[in-house]
Amino acid sequence: GAPLTSAMTVVAFIGAFTAIFAATIAVAQNDIKRVLAYSTISQLGFMIAALGIGAYVAAVFHLITHAFFKALLFLGSGSVIHGMEHGVLHTGNHHVDPQNMFNMGGLRKTMPVTFWLYMIGTLALAGIFPFAGFWSKDEILLDASLHYPTVYILLTIAAFFTAFYMGRQIWMVFFGEPRHKAAAHAEESTPIITAPL
């Protein structure tokens, strides 16, 4: 990274704080899309922190990789919601929130295509090797670790939060038993939805 000025130091710490703060909010969300929305703010924090430490290439690299795997996750959440809405129609109870993860569970059995594609996006977002998020997030962490240990520690904590809230989401949505009849009657989305994924 480039040498830090005092203004750039402020930018780096605002980015690192944003990464952690938004990640803690994502942990507390029960709406499948809100988890992803706060995750996006957290990842923008990574990018701003990278700019603050002078890691401009790493910041843009993470912007580009994040655009792709987060698009996959948002489209995947739409597929999950579509499948849940089918279950809601089947039960006749229209007061069920098809976006609430507490109404889901066990969807990997009824929505296997969506599940596997969602897993790919999740692994990329969590920075798991060899997916795209590993390379871009690791580049930011590497630049921070070489010269800015405090920023590095804050971003590392945020990265662990990312893995935690996405693991929580995967577990609540796709594993265990259906926690509502709507989830038990959910169906895989049609190819017009799964093909873009």
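Select helix H2 (residues 32-52) and helix H6 (residues 132-147): they pack at an angle of about 40 degrees, with their axes 10 Å apart. Helices here are DSSP runs (H or I, at least four residues; strands are E, at least two), numbered from the N terminus. Axes are lines fitted to C-alpha atoms, for helices over the stretch in contact, and angles run from 0 to 180 degrees between N-to-C directions.

This is a predicted model, where local features need pLDDT of at least 70 and side-chain atom pairs count only at pLDDT 80 or more, while totals for chains, interfaces and linings use all residues. Residues are numbered from 1 along each chain as its sequence is written, and side-chain values use heavy atoms, with hydrogens and water left out.

**Stop 1: H2 against H6**

The angle makes H2 oblique to H6. Under 35 degrees counts as roughly parallel, over 145 as roughly antiparallel, 65 to 115 as roughly perpendicular, and the rest as oblique. H2 passes H6 in a left-handed crossing. Left-handed means that the near helix is turned anticlockwise from the far one by less than a right angle; clockwise is right-handed.

Now show side chains. Gln43, Phe46 and Ala50 of H2 meet Lys137, Ile140 and Leu141 of H6. Contact means heavy atoms within 4.5 Å. These residues divide into 4 nonpolar, 1 polar and 1 charged. Ala, Val, Leu, Ile, Met, Phe, Trp, Tyr, Cys and Pro count as nonpolar, Asp, Glu, Lys and Arg as charged, and the others, Gly among them, as polar.

**Stop 2: H6 against H3**

From H3, select Ala58, Phe61, His62, Thr65 and Phe69; from H6, select Ala132, Gly133, Trp135, Ser136, Lys137, Glu139, Ile140 and Asp143. This contact has 6 nonpolar, 4 polar and 3 charged residues.

Next, view H3 (residues 56-91) end to end. Its 36 residues should span 52 Å at 1.5 Å a residue, and its end C-alpha atoms are 51 Å apart, which agrees. The expected span is 1.5 Å times one less than the number of residues. Gly92 follows H3, and its phi is positive, near 80 degrees.

**Stop 3**

Select Pro130, in the loop between helix H5 (112-125) and H6. What kind of peptide bond joins Phe129 and Pro130? It is cis, with omega about 5 degrees.

**Stop 4: H1 against H7**

Select helix H1 (residues 6-27) and helix H7 (residues 149-174). Their axes come within 9 Å and cross at roughly 20 degrees. That makes H1 roughly parallel to H7. H1 passes H7 in a left-handed crossing. The H1 side of the contact includes Ala12, Phe13, Ala16 and Ala19; the H7 side includes Leu154, Leu155, Phe161 and Arg168. By class, there are 16 nonpolar, 2 polar and 1 charged residues.

Follow H7 along its length. It has 26 residues and reaches 37 Å from first C-alpha to last, close to the 38 Å expected at 1.5 Å a residue. Gly176 follows H7, with a positive phi near 75 degrees.

**Stop 5**

The structure holds 9 aromatic pairs. Rings of Phe, Tyr and Trp (its six-membered ring) pair if their centres lie within 6.5 Å; planes under 30 degrees apart count as stacked, over 60 as edge-to-face and the rest as tilted. Select Phe17 and Phe21. Their pair is stacked: 5.4 Å centre to centre, 10 degrees between the planes. Both lie in H1, 4 residues apart, about one turn of the helix.
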